[in-house]
Amino acid sequence: MAGEGSNVILHFIDVLFNMVWQIYWPLAFGLILSSFIRNWLPVETVAKHLGQTNFKSLTFTTLLGVVSSSCSYAAASMSHTLLMKKATIANAMAFLVSSTNLIVEMFIVLVALLGWTFFWGEIIGGLILIMAIAFLFERFFPKDVETELRQKLEADQKPKVTGAAMSDCGMDMSSMKHEGHEHMNMAMPADKHDESDCGMDMSSMKHEGHEHMNMAMPADKHDESDCGMDMSSVKHEGHEHMNMAMPHNAPLSPSMAKISKSAGFFHMDLAMIGKEILIGVVVSSVLIAVVPLDGWRALFISSSVDMPAWLHSFLDVIIGIFVAMIAYVCSVGNLLLAAALWHGGISFGGVIGFILADVLTIPMMRVYQKYYGSRPTKWMIGLLFSGILFTGLCIDAIFTGFGVSVSSETLRPLIQDGVGFNFTTIMNLIFIPLSIWYYQVGKKANAGMGMSM
């Protein structure tokens, strides 16, 4: 008994390690790419090309998804970035689908496990789903809910600092008192916040009783700092000495300054959804380690049961989506379970629905809630579910109607050798140290801005 328990634990550890090893580089790549686009891509550009939902914009977002990360969490981050850049919800959801289901590495594994028919089924299904959700989100996503979503996005973009009255530079001088004069108030009126990052204008300040005031600034900020402080005409009368030394940090090059700001977004993304990613990977590893493949197959209705074909297809797609919601790890890694379900009796449309439902897993729902709030997330889940169900039924009808034969090939296991000289290992050797360095740069940048994570 104890031996069986230890075997389960060892199997869980092995599955967990292999899953982390498989998804690390696409997750890191996707989040890094998202942070750069969030910083470098002008809002005007996204609004111009993705601010309206049409065939051209859907084509662009689909192609963008195809060449981006395959990890759903990274795809969620990227779609969130597009929404923050003023893309329509339909375009952002189209990207989410294409980035998780229309990717090269997924196609390779799909052909290896299930054959070319499923390859074409996935491509056709992905394109149908993109068109379906574009229609559903444009027509049925309530305007008041979209307004709520946009307001949350705008609120999230405002930096959260470690003091109620602290500005971007982390300085609150509204209540400073100095020996030798009654009071010195450097607080800015509310209508002046647009003049600088700090909202501080010291051009006309007078300090009675000051003979000397020295505010040493870093060498690269002689004229105006990031705080927007103009001290060119500060008048000091009669005070002996006042020294407000600022930290002397080496100036960053323009390119490193941009990288540092992008890394700050990477750090914030991980702070926001890192817990959900970890929970998703651990829970999925437990399910794969504990539940045998025959257990998943038992969920489906046997093809020998006498019922209308459309009803059998409908129930299979529903069950496929449900299984994906509780057992999903990543688009590529989950194809082993899809193959097992197919050989266990699920319909062709049910398999496609299961694969496409990678955007409806419980951890992903938690990510949506973090990004968009509860009410917008409920509408997103409902419309995505409807689109996937419609797509699964369409695939069954199309392939049955055209008489396409779906052969039952021998189930070939997804090879998970862990660390070995392969593409995954090479990419992880690049992205593990890169992501750690990038995270530290972002953490330092956010700390320098006084932002609490």
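Predicted model: local features only at pLDDT ≥ 70, side-chain atom pairs only at ≥ 80, totals over all residues.
Residues are numbered from 1 along each chain as its sequence is written, and side-chain values use heavy atoms, with hydrogens and water left out.

The chain holds 16 helices and 2 strands, taken as DSSP runs (helices H or I, at least four residues; strands E, at least two) and numbered from the N terminus. Of its 453 residues, 46% are buried, that is, under 20% relative accessible area with a 1.4 Å probe, protein chains only.

The largest nonpolar core has 85 residues, of which M93 and F137 touch the most other members. Such a core is a set of buried Ala, Val, Leu, Ile, Met, Phe, Trp, Tyr and Cys residues joined through side-chain atoms within 4.5 Å. Helix 7 (residues 116-140) supplies the largest share of this core, 10 residues. Another core, of 7 residues, lies apart from it and includes I37, L50, A87 and F95.

The axes of helix 11 (residues 309-327) and helix 15 (residues 374-401) come within 9 Å and cross at roughly 135°; axes are lines fitted to C-alpha atoms over the stretch in contact, and angles run from 0 to 180 degrees between N-to-C directions. Helix 11 is therefore oblique to helix 15, since angles under 35 degrees count as roughly parallel, over 145 as roughly antiparallel, 65 to 115 as roughly perpendicular and the rest as oblique. In contact (heavy atoms within 4.5 Å) are S313, F314, V317, I318 and I321 of helix 11 with F385, I388, L389, G392, L393 and D396 of helix 15.

Key: Buried < 20%, exposed > 50% of the residue type's maximum accessible area, 1.4 Å probe, protein only.
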